[in-house]
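Hi everyone, thanks for coming along. I'd like to walk you through one model today, so let me put it up on the screen.

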Number of protein chains: 2
Amino acid sequence: MVAADPLSQVFAALADPTRRDIVARLAVRDATVTELAAPYPVSVQAVSKHLKVLEDAGLVSRRREAQRRPVHLEAEVLDLTTKWLERHRRRAQARYRRLDALLASMPDEPGAGTGTAPGATAGSTDPGAGP
Amino acid sequence: MVAADPLSQVFAALADPTRRDIVARLAVRDATVTELAAPYPVSVQAVSKHLKVLEDAGLVSRRREAQRRPVHLEAEVLDLTTKWLERHRRRAQARYRRLDALLASMPDEPGAGTGTAPGATAGSTDPGAGP
DNA sequence: GACCCGTTCAACCATCTGGTTGACAAAGCA
DNA sequence: TGCTTTGTCAACCAGATGGTTGAACGGGTC
């Protein structure tokens, strides 16, 4: 693995329905690998791989307990993605509001200028720059 | 493509940093494919593919405008993922609180009766909390 | 009509991913 | 001391993914 950025790892980890289901079940209680694997029609090894993906993303941790390896959900990491989503959803909504105001303020203008909005054109590539 | 469930598609779409950056920029304003492609060291075709992924996930829409295809962010779809994340984070936090209360209420009890806690989960999947 | 611009389609390639099976390590139980 | 349970590691395979290049299409402009 090429050590992708954390956000990508978390999103990628949650992009698989089996892994999402595992997370959902771990949100209720910790569980061992065999317990987690039981409901799925796949081998235990496959589930172990899924857990490795979740662990690399920081979403779960495993402790040693005799020969069992109980898996524990690290719920705070979910906040990382939530924050990203919220930031951009809010930003988009703010824009809609601004657009509404703009449209309300101008009487009518024939079609030409729609795409070339005032201000910058494709400037900031940085997704992390917060307000 | 095998028509994966919407949630998986959205998460998978956001698992790529380039696509996430595109979403971030579209949250500020609509843009054409070439505008979007400009900052990245990849071909326009590659960006067009990324946009197809985002479109299949319902995250963006394209309208026809002369020979341009301005891309527009559909921000509501982000709520889908936010809701999923919030639900499970809240569930996990509720569990921690419950566990705290449980630990506070019992002095100490070696393994046996742990799984039969009141109300919660009775699944006995949780191997006792042995230090 | 000829031409250019913006965009997509098609074919190809390297790599990643999710799954399999088989072997093996670690810890408890007979 | 074996034997069973639990879990991981390794090798392998089919299919998806992200990238490339080259060709084609749709629509203005000359």
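Let's start at Ser48(A), where a polar side-chain atom lies 2.5 Å from a phosphate oxygen of DNA strand D. Please keep in mind as I go that this is a predicted model. Thr34(A) does something you can look at alongside: one of its polar side-chain atoms also sits 2.5 Å from a phosphate oxygen of DNA strand D.

Which residues come nearest to DNA strand D? There are 20 residues around DNA strand D, and the nearest are Thr34(A), Ser48(A), Arg62(A), Lys49(B) and His50(B). On the DNA side, 59% of the atoms of DNA strand D that come within 4 Å of the protein belong to sugar and phosphate. If you trace the secondary structure, you'll find three helices that each supply at least two residues of this surface: H3 (33-37) and H4 (44-56) of chain A, and H4 (44-56) of chain B. Of the elements there, H4(B) has the largest share, with four residues. By class, the surface near DNA strand D has nine polar residues, six charged ones and five nonpolar ones.

Sugar and phosphate make up 64% of the atoms of DNA strand C that come within 4 Å of the protein. For individual contacts, have a look at chain B. An N or O atom in the side chain of Ser48(B) is 2.7 Å from a phosphate oxygen of DNA strand C. The backbone takes part as well: a backbone N or O atom of Val33(B) lies 3.4 Å from a phosphate oxygen of DNA strand C, and a polar backbone atom of Arg69(B) is 3.3 Å from one. The elements giving two or more residues to this surface are H4 of chain A, together with helix H3 (33-37) and H4 of chain B. Here H4(A) gives the most, four residues. The class count for the surface near DNA strand C is seven charged, five nonpolar and nine polar.

So how do the two chains relate?

How much area do chain A and chain B bury between them? It's about 4000 Å², with 60% of it on carbon and sulfur atoms. Three arginines stand out on chain A's side: Arg20(A), Arg29(A) and Arg95(A) supply 15% of the area that chain A buries against chain B, more than any other three residues.

I'll finish with an arginine on the other chain. Arg20(B) is found in helix H2 (residues 17-28) of chain B. Is Arg20(B) buried or exposed? Its relative accessibility is 5%, so Arg20(B) counts as buried. Leaving aside residues up to four places away in sequence, Arg20(B) touches Asp5(A), Leu7(A), Ser8(A), Phe11(A) and Trp84(A) across in chain A, plus Leu14(B) and Ala15(B) in its own chain.

Terms used: Residues numbered from 1 in each chain as written. Chains lettered and ligands numbered in written order. Predicted model: local features only at pLDDT ≥ 70, side-chain atom pairs only at ≥ 80, totals over all residues. Heavy atoms only, no water. Near = heavy atom within 4 Å. Polar contact = N/O pair within 3.5 Å; in protein donor to acceptor, adjacent residues only side chain to side chain. Nonpolar A, V, L, I, M, F, W, Y, C, P; charged D, E, K, R; others polar. Buried < 20%, exposed > 50% of the residue type's maximum accessible area, 1.4 Å probe, protein only. Contact = heavy atoms within 4.5 Å. Buried area = accessible area lost by both parts, 1.4 Å probe.
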